[in-house]
Amino acid sequence: MKYELTCINCPMGCRITADYDGKEVTNIQGFTCARGKAYAQTEITDPTRMVTALVGVAGSHKPLSVKTRNPIRKPLIFDALQAIRETTVRPPVRIGDVVIENVCGSGVDVIATENVE
Ligand code: SF4
């Protein structure tokens, strides 16, 4: 199967093409640097995404913005969003504090992206 991707790792947005037979990615072309080649391999075989969302704050109507510290595997995103939705934090919270450890067994923590007093 032939894939056409746009690398999202920098503003150049290189157009990358590759073949995938269900086991191996081959004939990767169009990337300018090694990050693009690695991106194509991951995107085709096991895509990942950063997740950003809001969690409730105890005693406040204003939610706290959070994100995954690193991208998580795409099949885990729905469950991760559900886990985030069910979470409430207690102030104070600092940027970078872990809000959910190892969300859904992804190996990635959900962290705060703002301070709450
Ligand atoms: S392949 Fe390299 S240069 Fe091209 S968009 Fe990706 S990161 Fe940027």
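In what order do the elements of the chain run from the N terminus on? They go β-β-β-α-β-β-β-β-α-β-β-β, with helices (H or I, at least four residues) and strands (E, at least two) being DSSP runs numbered from the N terminus. This is a predicted model, where local features need pLDDT of at least 70 and side-chain atom pairs count only at pLDDT 80 or more, while totals for chains, interfaces and linings use all residues. Residues are numbered from 1 along each chain as its sequence is written.

**View 1. The chain has 2 helices and 10 strands.** Its C-alpha atoms fill a box of roughly 55 × 30 × 20 Å, taken along the principal axes.

**View 2. Here is helix α1, residues 34-45.** Its 12 residues reach 17 Å from first C-alpha to last, close to the 16 Å expected at 1.5 Å a residue (1.5 Å times one less than the number of residues).

**View 3. Now look at the buried residues of α1: G36, Y39 and A40.** They cover an arc of only 100° around the axis, so they sit on the same side of α1 (the arc is that of the directions from the helix axis to the C-beta atoms). Buried means 20 or more other C-beta atoms within 10 Å of a residue's own, exposed means 12 or fewer, and partly exposed is in between, with C-beta atoms placed from the backbone. On the face turned away from the buried side you'll find the exposed A34 and T45.

**View 4. Residues around the ligand include C7, M12, F31 and R35.** Being near means having a C-beta atom, placed from the backbone, within 6 Å of the molecule or strand. G36 is also one of these residues.
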